Amino acid sequence: MRSSGILMHISSLPSPYGIGTMGKEARKFVDFLVKSAQTYWQVLPVGPTSYGDSPYQSFSAFAGNPYFIDLDTLIKERLLTREECDSYSWGRKEQEVDYGLLYENRYDLLHKAFSRFQKKLPEDYGAFCENHSHWLSDYTLFMALKDKNSGLEWSKWEPYLKHREPVALNKAREELAEDIRFYEMLQYLFYKQWASLKAYANERGIRIIGDTPIYVAGDSADVWANPSQFCLDKELYPTSVAGCPPDAFSEDGQLWGNPLFDWEAMRKDGYSWWIQRVGHTARLFDVVRIDHFRGFDSYYAIPYEAVTAKNGEWKKGPGMELFHAIKNALGDVEIIVEDLGYLTDSVRQLVADSGFPGMKLLQFAFDSREDGDYLPHNYKNHCVVYTGTHDNDTIIGWMKTAPKASVKFAREYLRLDNKEGYNWGMMKAAWASVGDLAVVTMQDVLGLGSQGRMNTPSTLGGNWIWRMKKDSLNGILAGKIRSNMQLYGRMPG
C-alpha cells in the first residue's frame, strides 16, 4: 500500500530544556502527522551519544539516550520540581542543541530525581531490570566505570578492568553500586516514557521507523562486554576499523574508526549478538532501518593505525546467512535497508535476496558523481523514496550549493519552479513516485535552507544540533500535506 512519512529526530523537537524529549511536544508531532495523513515517523538512533554528539556513535546499541527523558513528566511524578528544572541553563538558541551544557547540567539534575526515585522504587522496576539484564548490567557498570575514570575510553582503563577480570568486576559492582543504580534508573525512565510515546503513536495509526547503525562505537559497552565478537588484538585494540574508500565526494575516503565484527566468531555462535540486537530494536520500533547494508555483503577494512581511509581492503561479509539466522530466531522483522552509494552486483543481489526494500534518494538522482538508479523513472514499487536523509543538505540548501549542472537537470526533470518553493516540488516528486513509501524531512517540509542540515559527513562540530521552532506546526501546513497525500494516493488505509 502507498504510504508516506516524515523524518525528524527526537532531539529536534521543541523544548524549554535544551533538547527534544519524549513529552508533550513529541505527542503534538504525532498529532501533526495524523492531521497530515502520514503513516510513519522516522527517527535516528536513540542511544546515548558520546564525543561528537552523533547518534551513530553510541555508548550502547541497546540503551536509550537519557537526554530524551521528559522533565515535565518527572515533575508530574514528583521526582523533580519546576524550579529545579528552570534553575539550569539549557542554551540561548531555540533552534540549536547545546550538547556541552546538556552534559554539564542534565546529569546533575537527574541525580536530584534519583535521590527521590530511590526512596520508593516503582513496582515494575525489578521486572524491568530483569527483562533487560542481558545488556543492562554490563552497560550500567560500563557507565559507572567511565565516570570513575573521568570519561576515559575503556581501552585505557586499568588492565584488570579492561580485560574484565571477574574479581575486579565484582569489586567494582560493590564499590559503584549507587552509580550503577543511577544508570539503571535512567534506562527505566527512558523505556517507560518511550513505551508510552510509542503507544500514543500506534493508537493513532502512526508507526515509528527507527535507525540502526551497522557498526557500534569502539568506546561502548557492546565492545567492552563482548570482545570476542570483534576484530581485536590481545590488548583489545582493533586490528582494523570501518570506513569507506575514496570516491568523488571524499579524496581520502571516510575513516569511521569503528571496530569491525569478527564474522567468523559470530557465525560459530549462531549470530547470537546480532539476533539480540535486531530483536531488541524490533521491539523498540515498528520498522527498522539498517544503515550501510552493503557491509553485510562486503565491508571495507582499514588498518587501525591509518590516518586516512585510502589503504583499506574489501572483505567478505556474512551475506544472507545472517538474515536467515535472524528470521529463524525472530520471524519476520520489518526492515528497510540503506543501500546507497557504490553498489556491486553482489550487493544488489543481497538486497534482492533479503526481500527488504532499499532506498532511493532524489538528491542523488541529479548528481553526475553518483552512479545509481536514483531517477524516478527507474524506480520499482518495492522501495522507500527519500528527498534526502540526515546526511544530506536540505532541498533549499542543495539547490544553492549543488553543481549548477545538477540543479539545472533537477529543475528540468522535476519541472521545478520557485513559486511554491523548490522543496515542495521535490517532495511532490517523491510522493508522486511509484515507491511504496515516501519519506521527507521535517526541514524540507518547513522549507529551511542549509541552517537546517542535520549532519555533514566527515566533519566535527556543528552537527546534530538543529531544532524546530516551537510554533512551526499548524493546521494550514498539515492540510497542505494532507491534500498532497490525497492527490498522490498516499492516504492511510
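Reader: Leaving aside its neighbours within four places in sequence, which residues is asparagine 423 in contact with?

Author: In this model, which is predicted, asparagine 423 is in contact with Ile395, Ile396, Asp444, Val445 and Gly447, once the neighbours within four places in sequence are set aside. The word contact is used for heavy atoms within 4.5 Å, and asparagine 423 itself is found in helix α18, which covers residues 422–432.

Reader: Why does asparagine 423 count as buried?

Author: Asparagine 423 counts as buried because its relative accessibility is 5%, and the word buried applies to values under 20%.

Reader: What makes β9 and β10 the edge strands of the open sheet of 8 strands?

Author: The order of that sheet is β9-β6-β3-β2-β1-β12-β11-β10, with parallel pairing, and β9 (335–337) and β10 (358–361) are its edge strands because each pairs on one side only. From one strand to the next, the twist averages 25°.

Reader: Why are β2 and β3 said to pair?

Author: Strand β2 (residues 40–42) and strand β3 (residues 207–212) run parallel and are joined by 3 bridges, whereas pairing requires at least two, so the two strands qualify. Tryptophan 41, for instance, has isoleucine 208 in β3 as its bridge partner. Helix α1 (residues 24–35) packs on the sheet, touching β1 (3–7) and β2, and its direction makes about 135° with that of β2.

Reader: What is the order of the open sheet of 4 strands, and which strands are at its edges?

Author: The order is β5-β4-β7-β8, with antiparallel pairing, and the edge strands are β5 (254–259) and β8, each of which pairs on one side only. Here the twist averages 50° from one strand to the next. Within this sheet, 3 bridges join β4 (residues 240–244) to β7, and 4 bridges join β7 to β8 (residues 313–316); alanine 242 stands opposite alanine 301 in β7, while serine 298 stands opposite lysine 316 in β8.

Reader: What makes strand β7 mostly covered?

Author: Of the 6 residues in β7 (residues 298–303), 5 are buried, which means that each of those has under 20% relative accessible area.

Reader: Why is the span of helix α6 called close to the expected one?

Author: Helix α6 (residues 133–148) has 16 residues and reaches 22 Å from its first C-alpha to its last, and the expected value at 1.5 Å a residue is also 22 Å. Its buried residues, including Trp135, Leu136 and Phe142, pack against several helices, among them α5 (125–131), α9 (177–203) and α12 (272–284).

Reader: Which residues touch the most other members of the largest nonpolar core?

Author: Among the 164 residues of that core, they are Trp41, Trp274, Phe296 and Met442, and the largest share of the core, 13 residues, comes from α9. Not counting residues up to four places away in sequence, methionine 442 touches Ile6, Leu7, Met8, Phe29, Phe32, Trp466, Met468, Leu473 and Leu477.

Conventions. Residues numbered from 1 in each chain as written. Predicted model: local features only at pLDDT ≥ 70, side-chain atom pairs only at ≥ 80, totals over all residues. Heavy atoms only, no water. Buried < 20%, exposed > 50% of the residue type's maximum accessible area, 1.4 Å probe, protein only. Axes fitted to C-alpha atoms, helices over the stretch in contact; angles between N-to-C directions. Expected span 1.5 Å × (residues − 1). Core = buried A, V, L, I, M, F, W, Y, C linked by side-chain atoms within 4.5 Å.
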